[in-house]
Amino acid sequence: MKKIVVLTGAGISAESGLKTFRDSDGLWEGYDVQKVATPEAWQENPQLVQDFYNMRRRDALAAKPNAAHYALAELENQYDVTIITQNIDDLHERAGSVNVMHLHGVITRSQSSINPLLTYPIAGWELKMGEVCELGSQLRAHVVWFGEDVPMIIPAARICQQADIFILVGSSLAVYPAAGLVNYVHYDVPKYIIDPKIPEINRIKNIIRIEEKASDGVPKLVKELLTGDPY
Ligand code: APR
């Protein structure tokens, strides 16, 4: 089975009602990310950080997968698909994708604030101060904050090296190390980019630009990959 690797960003969830990061003038849902998505913010005001992610979790749980998420899940019928997502929502899983790697964590799980390897499912939308891990430390959202390591980046790079087809959907490629993954895809592998504003990618060969929103561009590409009919 041919291997397809898909790297998704906030743009694939935009049509599910979840805001992107760089389309909203540098604020995330009205907050400066330095105040709610860094280890320093957690030290300074853990309740604000907890509340911020509780609101993100409530939004993510209320959102529904869109046609792009469902189309990527369909690819699994004929291909060995791995989805590497920068998103913390679980819309890929809810659309039926099985192999999903969350580079920046996933909001439906909590993690120990002293050992990031200890993660737990969160029932419902709210994680409260006072809820602790098995070591007795306060639980926080299982999300990689700015300035923290991205432990999944090495396995993600290895997977990109194995791709026969690479698809990038809805990412500005503004944040490393995730943005560097495209360099691990072999030069002769076709790299489809689906985004209404295709990000600048230099010195990469074999790029096919699809300047459309995800819910239009992804189903069309998936149909072509499944039936061989160029759309
Ligand atoms: N369909 C497809 N792409 C879209 C759509 C859409 N309907 N709407 C917007 N986009 C594109 C934008 O053109 C942009 O290229 O989605 C991309 C969103 O870029 P960002 O907001 O930078 O999101 P992302 O690339 O996922 O950010 C990466 O940065 O803030 C950190 O950790 C956070 O995971 C995030 C990372």
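I looked up what surrounds the ligand in this predicted model. The shell holds 21 residues, and Ala10, Phe21, Arg22, Ser172 and Asp195 come nearest (near: a heavy atom of the residue within 4 Å of the molecule). I sorted the shell by type: seven residues are nonpolar, eight polar and six charged (Ala, Val, Leu, Ile, Met, Phe, Trp, Tyr, Cys and Pro count as nonpolar, Asp, Glu, Lys and Arg as charged, the others, Gly among them, as polar).

I noted that local features need pLDDT of at least 70 and side-chain atom pairs 80 or more, while totals for chains, interfaces and linings use all residues. Residues are numbered from 1 along each chain as its sequence is written, and side-chain values use heavy atoms, with hydrogens and water left out.

A side-chain N or O atom of Glu15 is 2.9 Å from a ligand nitrogen. His104 places a polar side-chain atom 2.9 Å from a ligand oxygen. From Gly170, a backbone N or O atom lies 3.3 Å from an oxygen of the ligand. The protein covers 92% of the 730 Å² of accessible area that the ligand has on its own (Shrake-Rupley method, 1.4 Å probe).

Last, I looked at the domains (bounds from an automatic or database assignment). The chain is divided into domain 1 (1–18 + 66–104 + 151–231) and domain 2 (20–62 + 109–143). Their C-alpha centres lie 26 Å apart. I found 12 residues of domain 1 in contact with 11 residues of domain 2 (heavy atoms within 4.5 Å). Each domain gives at least three residues to the ligand shell.

Methods. Polar contact = N/O pair within 3.5 Å; in protein donor to acceptor, adjacent residues only side chain to side chain.
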